[in-house]
Amino acid sequence: MTKSHEEERQAEALEPNDLFGEFRFKVDSKGRLALPAKFRKVLSKDLVVTRELTDECIYVFEEPAFNDWVMELFEDKFGGYKASNREHVKLRRKIRGHADSVEVDSSGRIMLKPEMREKTGISKEVLVVGNGDHFEIWDAQTYDRMDEDVDLAVFYDD
């Protein structure tokens, strides 16, 4: 029995993606953003959007990758999540509370809520940047300023 295209896509969605590249787009007046075609080909239709921890941009994950990211934050900072630790519970609640489920529509767009766009300074011109298991949505001017400050020469030994 051969797999349908949708079954193959669902199976691929269970595997972590390796997203990369930069793409300039516009958010329309209703808050919809078209996703890069190369991302639409490998991502499921159900995604999780959340603000970056300091509200610099919006992160977009598939649900398993979002959950992994939350747990990785606790691993990196505290050695793991402890449900009996009030501070951990508060932090996890806030992180997960900032998240929202979105669905890729038939035109390959996702809806970004006004509050999320406002908190991250996203208006019309955006940059979509692949970053491994997720992609980021940046206000284009903010990204361009930030990108100027990144010096890849640090990778060279002097």
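So, the sheet: it's open, it has 6 strands in the order S1-S7-S8-S4-S3-S5, and the pairing is antiparallel. Strands and helices here are DSSP runs, E of at least two residues for strands and H or I of at least four for helices, numbered from the N terminus. Two strands pair if DSSP finds at least two bridges between them. This is a predicted model, where local features need pLDDT of at least 70 and side-chain atom pairs count only at pLDDT 80 or more, while totals for chains, interfaces and linings use all residues. Residues are numbered from 1 along each chain as its sequence is written, and side-chain values use heavy atoms, with hydrogens and water left out.

Let's walk in from S1. S1 and S7 are antiparallel, over 5 bridges, and Phe25 has Val126 in S7 as its bridge partner. S7 then pairs with S8, again antiparallel, over 6 bridges; here Leu127 is partnered by Trp138 in S8. S7 and S8 make a hairpin with 2 residues between them, and Gly132 in that turn has a positive phi of about 80°. How covered is S7? Mostly: 5 of its 7 residues are buried, meaning under 20% relative accessible area with a 1.4 Å probe, protein chains only.

Ile58 stands opposite Ile137 in S8.

Thr120 sits in the loop between helix H5 (114-119) and strand S7 (125-131). Why does Thr120 count as buried? Because its relative accessibility is 4%. Leaving out residues up to four places away in sequence, Thr120 touches Arg51, Asp55, Glu56, Cys57 and Ile58, where contact means heavy atoms within 4.5 Å.

Angles run from 0 to 180 degrees between N-to-C directions, with axes fitted to C-alpha atoms, for helices over the stretch in contact. H3 (residues 63-78) also meets H4 (residues 86-97): their axes come within 11 Å and cross at roughly 145°. On the H3 side the contact includes Phe66, Trp69 and Phe74, and on the H4 side Leu91 and Ile95 are among the residues.

How values were computed
Buried means under 20% relative accessible area, exposed over 50%, partly exposed in between (1.4 Å probe, protein chains only).
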